[in-house]
Amino acid sequence: MEITYQGRDDWPLYAVSLGSGPPLVLLHGGGPDHHSLIPLAERLADRHTIILPDVRGYGRSACTDPARHTWTQYSDDVAALLDHLGFQRAVVGGTGLGATITQRTCLEHPGRVRAAILISVEDIEDDEAKQAEIAFMDAFAERVRTDGIEAAWAPVLPELAPIIGTLVRDAIPRSDPASIAAAATIGHDRSFHSVDELAAITTPTLVFPGMDQRHPTELAENAAHVLPNGRLAPLSLSDTLRTAEDLADAFAPAIRRFLAEHHLY
C-alpha cells in the first residue's frame with residue numbers, strides 16, 4: 001500500500017506498507033531509498049505491518065530545502081507517520097542513517113517506540129572528527145550539484161561495505177539531485193556528542209554492527225553496552241552481503257527472534 005502524508009512542518013512525504021499485525025517501521029540508510037528494505041520487510045510481514053518510508057530527501061520524499069534536514073525533523077517525521085496511520089506505538093529500526101533516526105526517535109518520542117533495531121550504526125564523532133564530517137558532506141553535496149549523484153558517490157563507495165554500493169546505485173535513478181544535495185546538510189547537525197548519551201534510551205534495542213569507517217564495529221559494540229536494554233546481534237555487516245536479498249536472509253532470523261523474545265508480535 002502506498003502512503004502519502006505530511007511531516008510536522010507540512011512537507012509532503014511518502015512511504016509504503018505491507019503485511020499485517022503490529023506496526024514495524026524500517027528506515028533506510030543515507031543514499032538508498034525504501035526499496036533497499038523491501039526484501040527484509042517481506043520476511044517479517046507475516047506477523048507485522050511493515051512500514052517503509054522514503055526518508056526525507058530520498059526517493060519520493062524529495063526535499064530540496066536544506067533547512068528542513070535536521071535530526072529533530074527526521075524523528076518528527078517518524079512520529080508524523082505513526083500519527084497519520086493511527087498507531088500510538090511501533091517497533092522502529094533502520095540501517096545507517098535510519099539507525100540514527102531510530103535512536104533520535106527513541107529519545108525525542110520515547111512513548112512511541114516499543115523496541116529499536118539498529119543496523120550498521122553510524123559513527124559518533126568527537127569535535128575534530130565532526131568538523132571533518134561537515135567538510136566531507138559539503139564536498140559530497142557540491143559534487144552532486146556539479147557532476148551528478150553517481151559521480152558524487154564514486155570516491156566514497158570503495159571505502160564502504162559492498163552492500164552499500166549496491167543499494168546506493170540501485171536508488172540513483174529514483175533520486176532527485178537537488179534533494180540529495182540538500183540532505184547532505186544533515187552533516188551540520190549533530191546527532192550525538194558521545195555514545196554515553198545513548199544511556200537515556202531504555203527501550204529494548206537490537207544492535208547489528210557495521211564494518212567500515214563510517215559505521216565502525218567498535219562503536220556498535222559500545223552502543224550495545226551503553227544502552228540499558230541493548231543487545232548485540234550475533235552477526236554484523238560483512239563482505240559476503242552484496243544485495244538487499246543477502247541482507248534480508250542474514251538479518252531477518254535474528255530480528256524475528258528478538259521480536260518474539262520481547263513479545264512484540
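At 42% relative accessibility, Asp-170 counts as partly exposed. Its side chain meets that of Arg-174 in a salt bridge, 2.7 Å from N to O. Arg-174 is also partly exposed, at 31% relative accessibility. Before I go on: this is a predicted model, and every value I quote is computed from it.

How many salt bridges does the structure hold? The total is 17. I will go through a few more of them.

Next, Glu-245 and Arg-43. These two form a salt bridge in which the closest N and O atoms are 2.6 Å apart. Which parts of the chain does this pair tie together? Glu-245 lies in helix H9, residues 244-261, and Arg-43 lies in helix H1, residues 38-44, so the bridge joins parts that are 202 residues apart in sequence.

Arg-145 and Glu-142 form a salt bridge with the closest N and O atoms 3.1 Å apart. Both residues sit in helix H4, and they are 3 residues apart, about one turn of the helix. Is Arg-145 buried or exposed? It is exposed, with a relative accessible area of 53%; the cut-off for that class is over 50%. Glu-142, at 39%, is partly exposed.

Salt bridges can also link up. Asp-9, Arg-56, Asp-65, Arg-68 and Asp-77 are connected in a network of them.

On to cysteines. A disulfide is a covalent bond between the sulfur atoms of two cysteines. How many does a search of the whole structure find? The search finds 0.

Another buried side chain to look at is Gln-103. Gln-103 is placed in helix H3, and its relative accessibility is 3%, so it counts as buried, the limit being under 20%. What is Gln-103 in contact with, once neighbours within four places in sequence are left aside? The contacts are Leu-118, Val-121, Phe-192, Leu-198 and Ile-201.

Last, the empty space. Rolling a probe the size of a water molecule over the atoms shows where empty space is left. Here, the largest pocket has a volume of about 950 Å³. It is lined by 48 residues, and those closest to its centre are Gly-30, Glu-122, Glu-133, Arg-214 and His-215. Which elements give two or more residues to that lining? They are helix H3 (97-108), helix H4 (127-147), helix H6 (162-171) and helix H7 (177-183). H4 supplies the largest share, 7 residues. H4 is also the helix that holds the Arg-145 and Glu-142 pair.

By class, the lining of the largest pocket has 27 nonpolar, 13 polar and 8 charged residues.

To recap: 17 salt bridges, among them the one between Glu-245 in H9 and Arg-43 in H1; 0 disulfides; and a largest pocket of about 950 Å³, with H4 giving the largest share of its lining. That is what I have from the predicted model.

Definitions and conventions. Residues are numbered from 1 along each chain as its sequence is written. This is a predicted model: local features need pLDDT of at least 70, side-chain atom pairs count only at pLDDT 80 or more; totals for chains, interfaces and linings use all residues. Side-chain values use heavy atoms; hydrogens and water are left out. On a 1 Å grid over the protein atoms alone, a cavity is a set of points where a 1.4 Å probe fits but cannot get out, and a pocket is an open set with protein on both sides within 12 Å along at least five of seven lines; lining residues have an atom within 4 Å of a point. Grid points are joined across faces, edges and corners, and a volume is the space filled by probe spheres set on the points. Helices (H or I, at least four residues) and strands (E, at least two) are DSSP runs, numbered from the N terminus. Ala, Val, Leu, Ile, Met, Phe, Trp, Tyr, Cys and Pro count as nonpolar, Asp, Glu, Lys and Arg as charged, and the others, Gly among them, as polar. A salt bridge is a side-chain nitrogen of Lys or Arg within 4 Å of a carboxyl oxygen of Asp or Glu. Buried means under 20% relative accessible area, exposed over 50%, partly exposed in between (1.4 Å probe, protein chains only). A disulfide is a pair of cysteine sulfur atoms within 2.5 Å. Contact means heavy atoms within 4.5 Å.
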